[in-house]
Amino acid sequence: MTTTTSSLPVRWIDALLTALAPMIWGSTYIVTTQLLPPDRPFTAALIRVLPSGLLLLLYARRWPERRDWGRLVVLAALNIGAFQALLFVAAYRLPGGLAAVVGAIQPLLVMGLAWGVEQRRPLAATAWAALAGVVGMAVLLLSPGTVFEPVGILAALAGAASMATGTYLTRRWRLNMPVLALTGWQLLLGGLMLAPVAWLADAPLPALTMWQTLGYLYLSIAGALLAYALWFRGIARLAPVAVSSLGLLSPLTAVVLGWVLLGQAIKGFAFVGLATVFASILAVQWTASRT
């Protein structure tokens, strides 16, 4: 009991550091719509991840073991390549934080994978807390004035599924690599996967303004290098469902930024949805830390 009690503050510090990643990702939507050149989702994803991966690998200087290459490629595809591409498709097509709101299903997907693959039944309290987060997001999603765009919604759902699977497998496989090296290799490999898609699908970049350049720098340094390092650190230290529930902070951040900076109103039941989501995040963290 003493060990469990003494470890609680450490786990909450780990949770707070991990929470910074989805909060940074939540700012992706406002940066994309307000600063970046229009209609170039794959280029934005490529610029976000590839330079950061190169920088991290130059610093870490660690090669994967031969037996880990296959798993590393799968993780890079799920956590970086597919997720980032789908994230920016949704960000360009959906207003405000709606793209992030759809991703609220991540904690339930992670619990479903653990249950289906490992026959590890989730705690009832954790499951109910995660479900409350989905309900809270649904309240936000169905608030008056919401504009639905089918391709954007499908991209957001597919992105949530990709990230949930990547989060689960990262924890399950536990590659024998330091966090920065693991992050760098995934960013590099994911960027290499995105490069041909950006070349074929997106128009060439125009001459960038200062603000557009700053937007790309922010997405790369904060949104990839810093955020993914914190995220994979959290995966190594926290339960998968605890990590994925922190992903709900991404839509919360997106909605709050839209409210504060763009004047996008939050009315009525939307406030109830925000409070429900925040309470569900705390509940999942608490139940996960106790076990």
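Helices here are DSSP runs of H or I that hold at least four residues, and they are numbered from the N terminus. The model to which these exercises refer is a predicted one.

**Exercise 1.** Determine in which helix T43 lies, whether T43 counts as buried or exposed, and which residues beyond its neighbours within four places in sequence are in contact with T43.

*Solution.* Begin with the position: T43 belongs to helix α3, which covers residues 41-60. Next, take the accessibility: buried means under 20% relative accessible area, and because T43 has a relative accessibility of 10%, T43 counts as buried. Finally, once the neighbours within four places in sequence are set aside, the contacts of T43 are A198, D202 and L205.

**Exercise 2.** Classify the aromatic pair that W63 and W185 form, and explain which parts of the chain this pair ties together.

*Solution.* The structure holds 7 aromatic pairs. In the one formed by W63 and W185, the centres are 5.2 Å apart and the planes stand at 50 degrees, which makes the pair tilted. W63 lies in the loop between α3 and α4, whereas W185 lies in helix α9 (residues 179-201), so the pair ties together parts that are 122 residues apart in sequence. As for accessibility, W63 counts as exposed at 64%, while W185, with a relative accessible area of 8%, is buried.

**Exercise 3.** Classify the aromatic pair of W69 and W185.

*Solution.* Planes over 60 degrees apart count as edge-to-face, and the pair of W69 and W185, with 80 degrees between the planes and 5.2 Å centre to centre, is edge-to-face. This pair links W69 in helix α4 with W185 in helix α9, 116 residues apart.

Methods. Residues numbered from 1 in each chain as written. Predicted model: local features only at pLDDT ≥ 70, side-chain atom pairs only at ≥ 80, totals over all residues. Heavy atoms only, no water. Helix = DSSP H or I, 4+ residues; strand = E, 2+ residues; numbered from the N terminus. Buried < 20%, exposed > 50% of the residue type's maximum accessible area, 1.4 Å probe, protein only. Contact = heavy atoms within 4.5 Å. Phe/Tyr/Trp six-rings, centres within 6.5 Å; stacked < 30°, edge-to-face > 60°.
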